[in-house]
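Thanks for coming. I will take a few minutes on one structure, so please have a look at it before I go on.

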Amino acid sequence: MKLTVFGATGQIGQEIVTQALAAGHEVTAVVRDPARFTITGPGLQVFQADLKEGESLRKAVAGRGAVLSGLGARRRGDAGVAAALTRSVLWAMEAEGTRRLLVVSAAPLGPVPERQPMLDRTTLAVINTLLKPVYDDLRSMEEELARSSTDWTSVRPPRLLNKPLTGSYRTVVGGTPRSGRTLGRADVAHAMLGMIENPATVKQGVGVAY
């Protein structure tokens, strides 16, 4: 399948590109600064673009089977990035008639599981307070998705770790795994690639965690 990856220089984005190439997909990696992107290999195209300009992204998404995005704030001061850049991606996709989109969001945007232990509820409340600007940005992003005509999926992992791919994790379509506290970035990428052709995940938030 022909895939386009936004946020390809980020940690999740690099994992998506690497795993997609290994699986035999043709990948277009959209970057602002090609010097920061070091992945190479057959089937890879690097596309430089201003992510704030939807018009400049049209060629990157035209004719693609799916678009995957790791775009988002990396710290509190970047809040607003996810919604703004995703808006540009959505505009380009709708202009080109490209429908399938998977993005990275966060577990706190999903529903609290039934019988969630008090410790997890308390931890979530603290995290929501500390990272409120980031989560507000992601909520705005998800609102943009819901208003779009795309077949979107919002993948909502908890605290992210740098660890090798396991391929072993829980997913809950429309919900949140109970006591799901962490997930490796490599497994986030693995989950996103696995959901591309899963119709049950279309227009859904999907909780993913160990």
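Predicted model: local features only at pLDDT ≥ 70, side-chain atom pairs only at ≥ 80, totals over all residues.

In what sense do β4 and β5 pair? Strand β4, residues 66-69, and strand β5, residues 100-104, are paired in the parallel sense, over three bridges. As background, strands of a sheet pair through backbone hydrogen bonds, and the pairing is either parallel or antiparallel.

Next, the sheet as a whole. It is an open sheet of eight strands with mixed pairing, and the order reads β3-β2-β1-β4-β5-β6-β10-β8. Which strands stand at the edges? They are β3 (44-48) and β8 (170-173); each has a single partner strand, so one side of each is left without a neighbour in the sheet. On average, neighbouring strands here are turned by 20 degrees against each other, direction ignored.

L193 has its place in α6, which covers residues 185-195. Is L193 buried or exposed? Its relative accessibility is 18%, and because the cut-off for buried is under 20%, L193 counts as buried. Leaving aside residues up to four places away in sequence, L193 touches L3, I16, Q19, A20 and L68. As for G174, it is 19 residues from L193 in sequence, and the two are 18 Å apart in space, C-alpha to C-alpha.

That is where I stop.

Note on methods. Residues numbered from 1 in each chain as written. Heavy atoms only, no water. Helix = DSSP H or I, 4+ residues; strand = E, 2+ residues; numbered from the N terminus. Buried < 20%, exposed > 50% of the residue type's maximum accessible area, 1.4 Å probe, protein only. Contact = heavy atoms within 4.5 Å. Pairing = 2+ DSSP bridges. Axes fitted to C-alpha atoms, helices over the stretch in contact; angles between N-to-C directions.
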